[in-house]
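Biologist: Thanks for sitting down with me. Could we go through this structure together, one point at a time?

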Amino acid sequence: MTTQEIVSKLWNLCNVLRDDGITYHQYVTELTYILFLKMAKETGTESQIPEAYRWDSLTAKSGIELKKFYKELLNHLGESCTGRVREIYQGAATNIDEPKNLEKIITAIDGLDWFSAREEGLGNLYEGLLEKNANEKKSGAGQYFTPRVLIDVMTRLVKPQPGERCNDPACGTFGFMIAAHQYVSEQTDEFYDLDADTADFERTEAFTGMELVHDTHRLALMNAMLHNMEGPITLGDTLSNLGKRMRGYDVVLTNPPFGTKKGGERATRDDFTYTTSNKQLNFLQHIYRSLNGDGKARAAVVLPDNVLFADGEGEKIRIDLMDKCNLHTVLRLPTGIFYAQGVKTNVLFFTRGRTDKGNTQEVWFYDLRTNMPSFGKTNPLKLEHFADFEAAFEAADRRAVQDERWSVFTREQIAQKGNSLDLGLIRDDSVVDYADLPDPVESGEEAIAQLEEAVDLLQSVVNELKALSEVD
């Protein structure tokens with residue numbers, strides 16, 4: 001049985017819970033509580049769980065007794081345990097009211113082909129569940145879910161290295177950091193090429209994040225654990241003063257939440273130079289400030305179009321970004337790749353400079369939006385859609401790239417445009433450019449003039465014919 005087949009079976013169990021009124025997102029959270037116990041048994045890591053609350057104790061009970069024990073289990077693991085177990089179960093509560101439904105889920109999970117799941121990787125299984133949840137529109141959980149292919153492209157172009165500190169300040173279910181971890185492990189033969197200290201650093205310190213939503217934070221912890229990653233994942237708001245300590249990173253990969261702070265209040269960070277209620281502008285400030293100043297620290301960030309052209313504090317933040325960092329590339333992403341269809345997004349790639357002034361000399365833009373097919377659930381974004389962009393991005397001589405979607409603007413040209421970065425979009429063949437059509441008033445005047453010339457010419461011909469007839 002493949003991981004995909006196991007994911008489908010686990011997802012179909014959600015039908016069992018419909019009578020209990022449980023949403024898809026609640027279902028994945030509920031599955032996390034139960035899967036953790038089963039996976040701990042399958043991987044031989046039950047030692048971190050008290051013996052009385054392990055998987056075999058759960059499967060030994062049924063009916064009302066099972067329901068009572070399950071609630072007791074969640075409470076005990078969330079309050080009396082330590083480490084990752086406590087983090088995952090802290091504040092946990094079940095939404096399942098019907099004991100038979102709980103029993104069906106436990107029995108179904110116990111009966112799955114766990115040998116195959118272990119072979120393909122339990123982390124991949126869990127990632128599959130999270131993606132399934134994000135793609136289910138009824139859950140609303142996928143509103144800004146980053147497509148896996150985009151995560152992989154961004155990670156591959158940023159190239160995290162062993163020994164570097166990587167961070168996602170709005171980590172969601174930890175997808176970017178898991179991709180970064182996998183990239184580094186592939187470059188180092190699953191860390192076997194590293195010395196003991198570096199390998200330990202990769203496992204316990206290299207990949208970190210912060211997540212505001214409790215349930216999503218729980219999913220991130222589980223996801224990290226199943227990928228053998230033990231770096232700290234903090235429950236909190238990066239835009240609060242809690243985020244001030246998130247500094248000194250070599251790599252930042254993220255897709256921060258869009259919108260404004262609730263009620264329109266400003267960020268509570270007292271170290272931001274520019275104050276705004278726009279979340280993504282505040283996250284952008286945080287990100288380039290969180291990079292270390294060795295001239296190598298870099299970031300790739302998904303941001304909506306308004307970041308590129310917002311005036312006032314938005315313009316000041318863009319100027320500050322281009323001063324402190326080399327904003328070398330902006331990828332204009334196609335529409336329809338997120339759950340919120342109307343959102344137009346971009347990826348900003350930049351490298352922190354050693355100084356705070358004059359680091360951006362020119363910005364390259366790649367238009368992957370205009371004249372592109374409509375993407376969505378039936379036509380997902382694929383790796384091949386990024387091939388030409390990756391080739392242009394990686395080119396030794398960017399000016400030698402022959403691609404109409406690839407363009408460059410100097411810092412001076414950007415300044416002349418009011419420091420707007422809403423640039424680099426090619427002509428849209430599906431839109432009539434009325435600017436290129438002749439002006440109707442001018443066209444009418446020109447036609448009258450041409451008609452008058454024709455009348456004059458005709459009159460001269462008539463006059464000549466009359467003169468000839470008189471001679472005859």
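Biologist: Happy to start with a helix pair: is the crossing of helix 3 and helix 13 left-handed or right-handed?

Modeller: Keep in mind that this is a predicted model. The two helices pack at an angle of about 35°, with their axes 10 Å apart. Where helix 3 passes helix 13, the crossing is left-handed.

Biologist: How many nonpolar residues does the contact of helix 3 with helix 13 have?

Modeller: Helix 3 brings residues including Val28, Leu35, Phe36 and Met39, while helix 13 brings Leu219, Met222 and Met225, among them. Also in the contact are Asp215 and Arg218 of helix 13. By class, there are 2 charged and 4 polar residues, and the nonpolar ones number 9.

Biologist: Now to the backbone. Is Phe174 buried or exposed?

Modeller: Phe174 sits in the loop between strand 1 and helix 11. Its phi is positive, about 80°, although Phe174 is not a glycine. The cut-off for buried is under 20% relative accessible area. Because Phe174 has 0% relative accessibility, it counts as buried.

Biologist: And what is the relative accessible area of Lys159?

Modeller: Lys159 also has a positive phi without being a glycine, in this case near 55°. Its place is in the loop between helix 10 and strand 1. Partly exposed covers the range between the buried limit of 20% and the exposed limit of 50%. Lys159 is therefore partly exposed, as its relative accessible area is 30%.

Definitions and conventions. Residues are numbered from 1 along each chain as its sequence is written. This is a predicted model: local features need pLDDT of at least 70, side-chain atom pairs count only at pLDDT 80 or more; totals for chains, interfaces and linings use all residues. Side-chain values use heavy atoms; hydrogens and water are left out. Helices (H or I, at least four residues) and strands (E, at least two) are DSSP runs, numbered from the N terminus. Buried means under 20% relative accessible area, exposed over 50%, partly exposed in between (1.4 Å probe, protein chains only). Axes are lines fitted to C-alpha atoms, for helices over the stretch in contact, and angles run from 0 to 180 degrees between N-to-C directions. A crossing is left-handed if the near helix is turned anticlockwise from the far one by less than a right angle, and right-handed if clockwise. Contact means heavy atoms within 4.5 Å. Ala, Val, Leu, Ile, Met, Phe, Trp, Tyr, Cys and Pro count as nonpolar, Asp, Glu, Lys and Arg as charged, and the others, Gly among them, as polar.
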